[in-house]
Amino acid sequence: MPLLKTPAVVLKSRKWGDADRIVTFFTLKHGKVRGVARGARRMKSRFGSSLEPFVHCDLVLFEKPGDTLYRISQTDISHAFPSIRTSLEAITGAARLANLAGAVTADGDAVPHVFHALLEGLRAIEDSGDPALTAALYELEILRFAGYLPHMDRCNACQERTHGGAWFFSPRAGGTVCSACVRREPVRCPSVSPACLAFFRQALRMELSLLPRLKPTAAIRNELYEVIELYVECVAGRRMPRAQGLCAAEPKRAYRRAVSDVGAQLIAPR
Ligand SMILES: [Zn+2]
């Protein structure tokens with residue numbers, strides 16, 4: 001039975017049978033893989049808390065002939081991102097990155113750059129005073145490395161680079177379109193202000209480690225969230241946890257309910 005050993009990040013997990021879990025990982029060497037953790041829900045499980053979403057671990061799996069699911073043999077936690085779990089905004093941002101990395105890559109396809117962007121994004125969210133913005137910027141990085149970088153330097157329909165009118169964002173075209181071409185788009189395309197375009201271009205040129213230095217105005221931030229959310233939904237083909245509208249200052253009950261909603265999405269069956 002071949003053994004696989006690889007660094008991994010837990011994307012999600014769900015209950016399986018009486019005492020087991022099925023866990024989806026994004027791994028450095030084998031991309032997205034799913035495995036069964038036998039006995040993971042027992043009190044004295046050897047897996048402990050290592051199968052919680054976002055945990056970065058060293059993973060050992062083995063293949064069982066005739067079964068598409070791996071068996072999870074061992075997980076050694078490298079970092080569990082405890083401070084992400086104390087803020088709803090951070091949990092939501094981390095969930096967006098985990099869902100996106102899983103949605104834009106195929107099972108078993110190693111995409112090391114996406115793995116690193118996911119891991120760097122989780123680290124940046126953990127250290128960030130502004131997790132929603134940090135998550136949005138790292139969503140762009142994951143899209144970039146998965147081959148879906150939006151093009152914001154021309155009209156993606158007629159290829160015109162300079163035109164005097166307004167610009168719009170077409171998720172279907174994968175970037176900006178001009179005011180003439182937007183009339184032929186089948187779905188609504190939001191307008192993109194010159195300031196937001198400039199911000200986008202700057203973010204797309206910057207190194208990963210410098211992204212947290214960007215501080216857009218509230219107006220740019222709202223445009224940015226709308227564009228990224230539309231595009232991610234188009235690329236990933238399904239709704240993602242919302243970037244906005246969740247705030248840790250909400251009343252405790254609503255906070256707990258929202259946390260459990262996000263948690264439910266993370267452990268929902270595929
Ligand atoms: Zn055009």
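A helix crossing is called right-handed if the near helix is turned clockwise from the far one by less than a right angle. Keep that in mind for the last stop of this tour through a predicted model.

**Stop one: the barrel.** Select the five strands that close up in the order E1-E2-E3-E5-E4, with mixed pairing. On average, neighbours in this sheet are turned by 50 degrees against each other, ignoring direction. Now zoom in on E2, residues 20–27, and E3, residues 31–37: the two run antiparallel and share seven bridges. Click Phe26 and look across to E3, where Lys32 sits opposite.

H1 lies across E1 (3–16), E2 and E3, and runs at about 115 degrees to E1.

**Stop two: the open sheet.** Pick out the three antiparallel strands ordered E7-E6-E8. The edges are E7 (175–178) and E8 (191–192), each of which pairs on one side only. Between E6, residues 167–170, and E8 you'll find two bridges, again antiparallel. Show Trp167 and its bridge partner in E8, Val192.

**Stop three: two helices crossing.** Select H4 (residues 194–205) and H5 (residues 218–236), whose axes come within 9 Å and cross at roughly 70 degrees. Angles of 65 to 115 degrees count as roughly perpendicular, so H4 is roughly perpendicular to H5. Which hand does the crossing of H4 and H5 have? Right-handed, by the rule you started with.

To see what meets there, show Ala195, Cys196 and Phe199 on the H4 side, with Ile220, Glu223 and Leu224 on the H5 side. Colour the contact by class and you get five nonpolar residues, one charged and no polar ones.

Key: Residues numbered from 1 in each chain as written. Predicted model: local features only at pLDDT ≥ 70, side-chain atom pairs only at ≥ 80, totals over all residues. Pairing = 2+ DSSP bridges. Helix = DSSP H or I, 4+ residues; strand = E, 2+ residues; numbered from the N terminus. Axes fitted to C-alpha atoms, helices over the stretch in contact; angles between N-to-C directions. Contact = placed C-beta atoms within 7 Å. Parallel < 35°, antiparallel > 145°, perpendicular 65-115°, else oblique. Nonpolar A, V, L, I, M, F, W, Y, C, P; charged D, E, K, R; others polar.
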